[in-house]
Amino acid sequence: MTYQARQQATSEVLVDDDRVRVTRWDFDPGAETRWHRHGMDYVVTTITPCAFLLEEPGGGTRRVDMAAGVAYRRDEGVEHNVVNAGDKPMSFVEVELKA
């Protein structure tokens with residue numbers, strides 16, 4: 001079986017100062033962030049409906065579907081790969097909270 005890498009999602013840092021880093025993420029269907037660990041607490045607000053496939057340490061996965069305009073917060077230390085499991089592009093804004 002041959003592994004074919006997924007397309008990488010694109011990101012644009014909108015603000016990066018001494019208090020926050022604000023990044024917009026855009027995913028084509030099937031695109032991923034690649035594996036990463038969050039070094040700060042963060043808040044995500046969806047811009048479009050999002051069909052998240054979350055690949056988690058240990059091989060687990062879960063799908064989370066969110067409407068546009070929904071926000072959630074997570075603590076520093078989250079490790080995962082985020083994949084667009086839907087058939088439409090998806091976008092969200094991530095605000096990382098600096099200490």
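This is a predicted model: local features need pLDDT of at least 70, side-chain atom pairs count only at pLDDT 80 or more; totals for chains, interfaces and linings use all residues.
User: Is Arg34 buried, partly exposed or exposed?

Analyst: Buried means under 20% relative accessible area and exposed means over 50%, with partly exposed in between. Arg34 has 36%, so the label is partly exposed.

User: What does the side chain of Asn81 reach at 2.7 Å?

Analyst: For a polar contact, look for a pair of N or O atoms within 3.5 Å. The Asn81 side chain reaches the backbone nitrogen of Arg34 at 2.7 Å. The side chains of Asn81 and Glu32 are also joined by a polar contact, of 2.7 Å.

User: Where is Asn81 found, and is Asn81 buried or exposed?

Analyst: Asn81 belongs to strand β8 (residues 79–84). With a relative accessible area of 1%, Asn81 is buried. Residues touching Asn81 include Thr33, Trp35, Leu53 and Leu54.

User: Which residues have the most contacts inside the largest nonpolar core?

Analyst: Think of a core as buried nonpolar residues joined through side-chain atoms within 4.5 Å. The largest one here has 14 residues, and Phe27, Phe52, Val82, Met90 and Phe92 have the most contacts inside it. At least two core residues come from each of β2, β4 (41–46), β5 (50–55) and β9 (90–97). The largest share, three residues, is from β5. As for Phe92, its contacts include Trp25, Phe27, Val44 and Phe52.

Conventions
Residues are numbered from 1 along each chain as its sequence is written. Side-chain values use heavy atoms; hydrogens and water are left out. Buried means under 20% relative accessible area, exposed over 50%, partly exposed in between (1.4 Å probe, protein chains only). Helices (H or I, at least four residues) and strands (E, at least two) are DSSP runs, numbered from the N terminus. Contact means heavy atoms within 4.5 Å. A polar contact is a pair of N or O atoms within 3.5 Å; within protein, one must be able to donate a hydrogen and the other to accept it, and residues adjacent in sequence count only if both atoms are side-chain atoms. Lists of a residue's contacts leave out its neighbours within four places in sequence.
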